[in-house]
Amino acid sequence: QVQLVESGGGLVQPGGSLRLSCQASGSIFSIYHMRWYRQAPGKQREWVATITSGGNTYYADSVKGRFTISRDNAKNTVNLQMNSLKPEDTAVYYCNADLSISTITTNTYWGQGTQVTVSS
């Protein structure tokens, strides 16, 4: 059974920083794209950032220049460094990964989410 577990959320003042982490565990053969999404109260879940297996990164315009996605393949972990946080960044943040549990089976998995609140 594969699990993705996020950590690092919390309450931070505007302009502050947080670092989220997400570790995949279980019978994993290989991990491909890893992503972060977020969902604010009353809004749809939105894509935040992607990192490919080769290390290429992509960001939503709303976070470009403030957030940095990275991964540690040895630890099956994806991180999101969030700087210059704004109240509108308040949301539950979810990690997401395309991974295979065998040579022929690839699926997309989600974490349970971690709350980020930006408020003074």
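This report walks through a predicted model of one protein chain, from its overall build down to a few single residues.

Some ground rules come before the tour. Because the model is predicted, local features need pLDDT of at least 70 and side-chain atom pairs count only at pLDDT 80 or more, while totals for chains, interfaces and linings use all residues. Residues are numbered from 1 along each chain as its sequence is written, and side-chain values use heavy atoms, with hydrogens and water left out.

## The chain as a whole

Look for secondary structure and you'll find 11 strands and 0 helices. Read from the N terminus on, the elements run β-β-β-β-β-β-β-β-β-β-β. Both kinds of element are DSSP runs numbered from the N terminus: helices are H or I with at least four residues, strands are E with at least two.

How does the radius of gyration fit with a compact globule? With 120 residues, such a globule would be near 14 Å, and the chain has 14 Å, which agrees. (That radius is taken over C-alpha atoms, and the globule rule is 2.2 Å times the number of residues to the power 0.38.) Put a box around the C-alpha atoms along the principal axes and it comes to roughly 50 × 25 × 25 Å.

Buried residues make up 42% of the 120 in the chain. Here, buried means under 20% relative accessible area, exposed means over 50%, and partly exposed is in between, with a 1.4 Å probe and protein chains only. The chain exposes about 6,300 Å², and carbon and sulfur atoms supply 46% of that area. Accessible areas come from the Shrake-Rupley method with a 1.4 Å probe, and for residues only the protein chains shown count as cover.

Now for contacts, meaning heavy atoms within 4.5 Å. Take those between residues at least 6 apart in sequence: 55% of them join residues at least 24 apart.

As for charge, the chain has 10 positive and 7 negative charges, and their mean positions are 2 Å apart. Lys and Arg count as positive and Asp and Glu as negative, with His and the chain ends not counted. Each charge is placed at NZ of Lys, CZ of Arg, CG of Asp or CD of Glu.

## The disulfide

A disulfide is a pair of cysteine sulfur atoms within 2.5 Å, and the count here comes to 1. Which residues does the disulfide join? The partners are Cys 22 and Cys 95, at 1.9 Å from S to S. Cys 22 lies in strand 3 (residues 18-25) and Cys 95 in strand 9 (residues 91-100), so the pair ties together parts that are 73 residues apart in sequence. Cys 22 and Cys 95 are both buried.

## Residues in strands

Ile 69 is found in strand 7 and is buried, at 4% relative accessible area. Leaving aside neighbours within four places in sequence, Ile 69 is in contact with residues including Met 34, Trp 36, Ile 51, Tyr 59 and Leu 80.

Thr 77, in strand 8, is buried as well, with a relative accessible area of 10%.

Thr 117 sits in strand 11 (residues 114-118). At 26% relative accessibility, Thr 117 counts as partly exposed. With the residues up to four places away set aside, Thr 117 touches Gly 10, Leu 11, Val 12 and Thr 90.

How do places in the sequence compare with places in space?

| Pair | Apart in sequence | Apart in space |
|---|---|---|
| Thr 117 and Leu 11 | 106 residues | 4.7 Å |
| Asn 73 and Ser 53 | 20 residues | 8.5 Å |
| Ile 69 and Gln 112 | 43 residues | 19 Å |
| Thr 77 and Thr 103 | 26 residues | 21 Å |

## Residues in loops

Asn 73 is found in the loop between strand 7 and strand 8, where it is partly exposed at 48% relative accessibility. Asn 76 lies in the loop between strand 7 (67-72) and strand 8 (77-82). Although Asn 76 is not a glycine, its phi is positive, about 55°. At 25% relative accessibility, Asn 76 counts as partly exposed.

Ser 84, in the loop between strand 8 and strand 9, is a residue other than glycine with a positive phi, near 50°. Its relative accessible area is 41%, so Ser 84 is partly exposed.
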